[in-house]
Amino acid sequence: MKNQKKSLAGLVIVIVLFSCQHKVYGQSNEWNEITNTFIKEYKELNLPAIQLSFVDNIKNIQSIASVHAQEAVFSTLENRLQKINKNQLSDHEKLDYDLILYECQLNRDRIAIEKKWLNRKEDSIPETKIFDVPDGKEWYTYFLKKWVDKETTPEEIYALGIKEIEKVKTKMKAIQVKSGMDSLTFSKHIKDSSFFYTNIDTVQQSFLEIKKKVSKKLPELFPFLDSIPDVEIKLGTNKNLAQVPGFYRDRTFYYNYFNSSFNKRQVGWLYIHEAMPGHHYQIMVELSRPRSEIQKIFSYRGVGEGWAAYIEELGSEIGAYQNIYDELGKWEWDIIRSVRVVLDVGLNYHGWSDQKALEFWQQHIKGQDDIAFREINRMKRWPAQVITYKYGSNKILEWKSELEKNKKFDLKEFHRNILKRGLLPYSILRKQLGL
């Protein structure tokens with residue numbers, strides 16, 4: 001009798017184990033089929049990449065038949081995902097799951113607006129700003145999600161801009177106080193000729209010196225350095241890009257010097273933003289890290305700007321800011337970024353006039369109206385893109401502050417965890433960090 005009971009118990013265990021293994025095996029097959037189907041069907045859709053210009057994005061809308069086909073693909077895939085037990089997936093599979101779901105939901109948002117546009121049969125696209133386009137507020141909300149993150153809202157972004165303006169003003173005031181000068185004397189002092197280079201060779205040498213100082217500090221705080229090729233530093237020659245102090249392209253940091261002088265306060269923050277450990281470092285890390293086939297499909301360009309803007313916050317720690325004026329240079333550019341956040345939402349979501357935008361600019365930035373006109377026009381052409389800098393740096397700083405509460409926090413490991421999977425949407429990256 002005992003032997004019979006043991007046999008029965010053993011049979012039950014075998015049946016249970018077989019059942020569990022069958023479920024896992026069945027799910028594994030289903031998951032592989034979903035990912036393979038997604039890769040195949042997504043590529044076949046041949047969707048155009050997001051463009052800076054909202055006009056170009058609207059021009060790229062495909063036919064109504066194509067848009068309906070896209071909707072069928074994303075709806076079907078999303079329904080299939082709901083049937084998967086995510087808890088039974090590996091960590092890498094969970095990341096792919098989150099990315100597929102993210103893209104399905106974001107594309108369905110886009111498709112809903114594009115169907116409205118196609119049904120209207122508009123003859124032309126208003127090119128003034130996205131607010132003036134039919135369903136402009138919906139368009140702007142979508143572009144905000146596409147450039148920044150699916151979980152963002154215009155209201156949240158506007159509030160972030162107001163908060164960042166006050167933060168940057170406080171930082172700038174603290175530097176003025178530290179100088180020992182009153183505000184008027186300080187304002188005159190930083191315009192002195194001693195703060196400007198007038199020789200191109202001197203500018204080049206200044207960047208090379210910063211590169212040398214920063215490179216000594218990086219191993220303490222940043223991983224993967226052995227896989228990073230050297231970054232070149234060159235004078236920019238494209239006058240179409242003269243509106244920015246510098247840019248990064250093809251393993252080279254270019255600084256712009258088309259006027260009679262170059263502000264010394266731009267050297268530190270500009271180098272670490274564009275070169276090491278900013279754009280050059282982040283891009284090279286991403287190219288060197290293994291990624292799944294799902295990850296290789298997508299590119300989250302806005303996250304790269306967030307990383308580079310975050311790096312500026314570490315300027316003193318990595319040797320880029322040698323004095324209070326080097327740090328001031330970072331905040332002088334950051335106040336522009338912060339004001340732009342509010343203006344972008346104001347112009348493109350709330351329908352502000354250029355005059356109202358200019359008045360807001362002048363309230364917070366004095367004597368730079370020429371830059372204001374340029375930036376207002378840029379934001380109207382390229383809605384949401386300028387927000388990527390402040391949103392990203394703010395998110396990374398928030399996470400850093402939260403994780404620093406743990407006494408075992410390691411900044412180098414924090415950077416490793418942000419970068420090791422390549423650029424990810426912030427709402428997904430947050431979960432990857434365990435927050």
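Predicted model: local features only at pLDDT ≥ 70, side-chain atom pairs only at ≥ 80, totals over all residues.
Residues are numbered from 1 along each chain as its sequence is written. Local features need pLDDT of at least 70, side-chain atom pairs count only at pLDDT 80 or more, totals for chains, interfaces and linings use all residues, and side-chain values use heavy atoms, with hydrogens and water left out.

Three cavities of 30 Å³ or more were found. A cavity is a set of points on a 1 Å grid over the protein atoms alone where a 1.4 Å probe fits but cannot get out, and lining residues have an atom within 4 Å of a point. Points are joined across faces, edges and corners; volume is the space filled by probe spheres set on them.

The largest cavity has a volume of about 60 Å³. Its lining includes Val303, Trp307, Ile418 and Leu419. Helix H12 (301-311) and helix H17 (411-419) each give two or more residues to this lining; helices are DSSP runs (H or I, at least four residues) numbered from the N terminus. The lining has eight nonpolar residues, one polar and no charged.

The second largest cavity holds about 40 Å³. Glu286, Arg291 and Arg421 are among its lining residues. Its lining comprises five nonpolar, one polar and three charged residues.

In helix H14 (residues 354-364), Ala357, Leu358, Phe360, Trp361 and His364 are buried (under 20% relative accessible area, 1.4 Å probe, protein chains only). They fall within an arc of 160° seen down the axis, so they line one face of H14. The arc is taken from the directions from the helix axis to the C-beta atoms. These buried residues pack against helices H6 (154-179), H13 (324-348) and H15 (369-381), with contact meaning heavy atoms within 4.5 Å.

Conventions. 1 Å grid on protein atoms, 1.4 Å probe; cavity = no way out; pocket = protein on both sides within 12 Å on 5 of 7 lines; lining within 4 Å. Nonpolar A, V, L, I, M, F, W, Y, C, P; charged D, E, K, R; others polar. Buried < 20%, exposed > 50% of the residue type's maximum accessible area, 1.4 Å probe, protein only.
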